[in-house]
Amino acid sequence: GAMVLNILNHPEGRDARAELLNRLSLDPDVARVPAERGTLVPLAIELQDFDSADRMLDAALQAHPKSPKTWLWRALTDVAKGDKETALGSYARAVELDPENHSLRLAYAQALQETGRAEQIQPLLRDAPAPSPDVLAARAAYANLAGDQD
């Protein structure tokens, strides 16, 4: 275990890290762990090993479909792959599962802005339960952007 962690955390040795990550992603016990309990997906994104990331996320979401953090990593992986359109569905699911998580709402709002769906941002932010100062500031900023675009 310690040797595996040492290899995975070592900033050099990209090939060794990638090979170990690939092998771990094939292990069903490793792959189906929900992100709330730790995930290797951030490392897969860093190494641009999207096959391993997808494999782990598919297994984790099949085993834990109500894991908002795993849905967030699904969205972040799709964004890293350049597929922001697909990421929107995962952001939406994460917010649906954890509606009080303002960071998720803000990430989803940014993705909506970047994909040209600005009209969906205000309802998303307005419907936030007990909006945080960050959500209120984002509502104002996105409203200002929408006003500038008219």
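Mentor: Start with a pair of helices. H6 and H7 cross with a left-handed sense. Keep in mind that the model is predicted.

Trainee: Which residues of H6 and H7 make the contact?

Mentor: H6 brings Pro68, Trp71, Leu72, Arg74, Ala75, Leu76, Asp78 and Val79. H7 brings Lys84, Thr86, Ala87, Ser90, Tyr91, Arg93, Ala94 and Leu97. By class, the contact of H6 with H7 has 10 nonpolar, 2 polar and 4 charged residues.

Trainee: Why is H5 called roughly antiparallel to H6?

Mentor: Use the angle again. H5, residues 50-63, packs on H6, residues 68-80, at about 155°. The cut-off is over 145 degrees, so H5 and H6 are roughly antiparallel. Their axes lie 10 Å apart, and the crossing is left-handed.

Trainee: What makes up the contact of H5 with H6?

Mentor: From H5 come Phe50, Ala53, Asp54, Leu57, Asp58, Ala60 and Leu61. From H6 come Thr70, Trp71, Trp73, Arg74, Thr77 and Ala80. The contact of H5 with H6 divides into 8 nonpolar, 2 polar and 3 charged residues.

Trainee: Why does Asp78 count as buried?

Mentor: Asp78 has 4% relative accessibility. Buried means under 20%, so Asp78 qualifies. Asp78 sits in H6. Leaving out residues up to four places away in sequence, Asp78 touches Asp83, Lys84, Thr86, Ala87 and Ser90.

Trainee: Which other residues of H6 are buried, and what covers them?

Mentor: The buried residues of H6 include Pro68, Thr70, Trp71, Leu72 and Trp73. Arg74, Ala75 and Thr77 are also among them. The cover includes H4, H5, H7 and H8. In H2, the buried residues are Arg17, Ala18, Leu20, Leu21, Leu24 and Ser25.

Trainee: Is Gln48 buried or exposed?

Mentor: Gln48 has a relative accessible area of 60%. Exposed means over 50%, so Gln48 is exposed. Gln48 lies in the loop between H4 and H5.

Trainee: What makes the phi of Gln48 worth a remark?

Mentor: Most residues other than glycine have a negative phi. Gln48 is not a glycine, yet its phi is positive, about 55°. Gly82, which follows H6, also has a positive phi, near 90°.

Trainee: How many helices and strands does the whole protein have?

Mentor: The protein has 10 helices and 0 strands. Along the sequence the pattern reads α-α-α-α-α-α-α-α-α-α. Of its 150 residues, 38% count as buried. Among contacts with a separation of 6 or more, 50% join residues 24 or more positions apart.

Notes:
Residues numbered from 1 in each chain as written. Predicted model: local features only at pLDDT ≥ 70, side-chain atom pairs only at ≥ 80, totals over all residues. Heavy atoms only, no water. Axes fitted to C-alpha atoms, helices over the stretch in contact; angles between N-to-C directions. Helix = DSSP H or I, 4+ residues; strand = E, 2+ residues; numbered from the N terminus. Parallel < 35°, antiparallel > 145°, perpendicular 65-115°, else oblique. Left-handed = near helix turned anticlockwise from the far one by under 90°. Contact = heavy atoms within 4.5 Å. Nonpolar A, V, L, I, M, F, W, Y, C, P; charged D, E, K, R; others polar. Buried < 20%, exposed > 50% of the residue type's maximum accessible area, 1.4 Å probe, protein only.
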